[in-house]
Amino acid sequence: MKPFECLTADEVNSVHQLYHFLRKLKVIGIVYTSTSQMRNTGVGHPIRYKLSFSSYDPSMKNRMTPEEHLMQMVIEGERLGLYNQDSE
């Protein structure tokens, strides 16, 4: 069995969070994955998933995507209090 087969939902989320963390540290580029549900897991067993790697984009190693840039701007705005809903 391959290392990214027969994973639980928590393990799949952990892998995605690890890639997101490494991406924020600017260590890796963009990793494209796909997740599929495995059949034949047995009655009473948790649902298992297979994580497949589609491709990797090393050119985005030190650059942000537009979505990441927007998210960083929102987080920075909240930190500075620009989007405060309390308008007294």
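Analyst: Happy to. In this predicted model, the second largest pocket holds about 170 Å³ of space. Its lining consists of His16, Tyr19, His20, Arg23, Ile28, Gly29, Ile30, Val31, Thr65 and Glu68. Two elements, helix 1 and strand 1 (30-37), each contribute two or more residues to that lining. Helix 1 is the main contributor, with four residues. By side-chain class, the lining splits into four nonpolar, four polar and two charged residues.

Thr65 sits in the loop that runs between strand 2 and helix 2 (66-80). Is Thr65 buried or exposed? Its relative accessibility is 13%, under the 20% cut-off, so Thr65 counts as buried. Beyond residues up to four places away in sequence, Thr65 touches Arg23, Ile30 and Met60. Two of these partners, Arg23 and Ile30, belong to the lining of the second largest pocket as well.

Some of these lining residues lead to another opening. The largest pocket has about 320 Å³ of space, and its lining is made of His20, Arg23, Lys24, Lys26, Arg63, Met64, Glu67, Glu68, Met71, Gln72 and Ile75. Helix 1 and helix 2 are the elements that give two or more residues to the largest pocket. Here helix 2 supplies the largest share, five residues, whereas in the second largest pocket helix 1 gives the most. The lining of the largest pocket divides into three nonpolar, two polar and six charged residues.

The structure holds two aromatic pairs. In one of them, the ring centres of Phe4 and Phe53 are 5.1 Å apart and the ring planes meet at 85°, so this pair is edge-to-face. The pair joins distant parts of the chain, since Phe4 lies in the segment before helix 1 (9-24) and Phe53 in strand 2 (residues 49-57), 49 residues apart. In the other pair, Tyr19 and Phe53 have ring centres 6.1 Å apart and planes at 75°, so they too are edge-to-face. This pair also links distant stretches, with Tyr19 in helix 1 and Phe53 in strand 2, 34 residues apart.

With a relative accessible area of 15%, Val15 is buried. Leaving aside neighbours within four places in sequence, Val15 contacts Phe4 and Leu51. Val15 and Phe4 are 11 residues apart along the chain, and their C-alpha atoms are separated by 9.4 Å.

Leu51 then brings in one more residue, Cys6. Cys6 is in the segment before helix 1, and at 28% relative accessibility it counts as partly exposed. Although Cys6 and Leu51 are 45 residues apart in sequence, their C-alpha atoms are 8.5 Å apart in space.

Finally, a step back to the whole protein. There are two helices and two strands, and along the sequence they follow the pattern α-β-β-α. Among contacts with a separation of 6 or more, 56% are between residues 24 or more positions apart; the Tyr19 and Phe53 pair, at 34 residues apart, is a sequence separation of that kind. Buried residues make up 12% of the 88 residues, and Thr65 and Val15 are among the buried ones. The accessible surface comes to about 7300 Å², with 56% of it belonging to carbon and sulfur atoms.

Note on methods:
Residues are numbered from 1 along each chain as its sequence is written. This is a predicted model: local features need pLDDT of at least 70, side-chain atom pairs count only at pLDDT 80 or more; totals for chains, interfaces and linings use all residues. Side-chain values use heavy atoms; hydrogens and water are left out. Rings of Phe, Tyr and Trp (its six-membered ring) pair if their centres lie within 6.5 Å; planes under 30 degrees apart count as stacked, over 60 as edge-to-face and the rest as tilted. Buried means under 20% relative accessible area, exposed over 50%, partly exposed in between (1.4 Å probe, protein chains only). Contact means heavy atoms within 4.5 Å. Accessible areas come from the Shrake-Rupley method with a 1.4 Å probe; for residues, only the protein chains shown count as cover. On a 1 Å grid over the protein atoms alone, a cavity is a set of points where a 1.4 Å probe fits but cannot get out, and a pocket is an open set with protein on both sides within 12 Å along at least five of seven lines; lining residues have an atom within 4 Å of a point. Grid points are joined across faces, edges and corners, and a volume is the space filled by probe spheres set on the points. Ala, Val, Leu, Ile, Met, Phe, Trp, Tyr, Cys and Pro count as nonpolar, Asp, Glu, Lys and Arg as charged, and the others, Gly among them, as polar.
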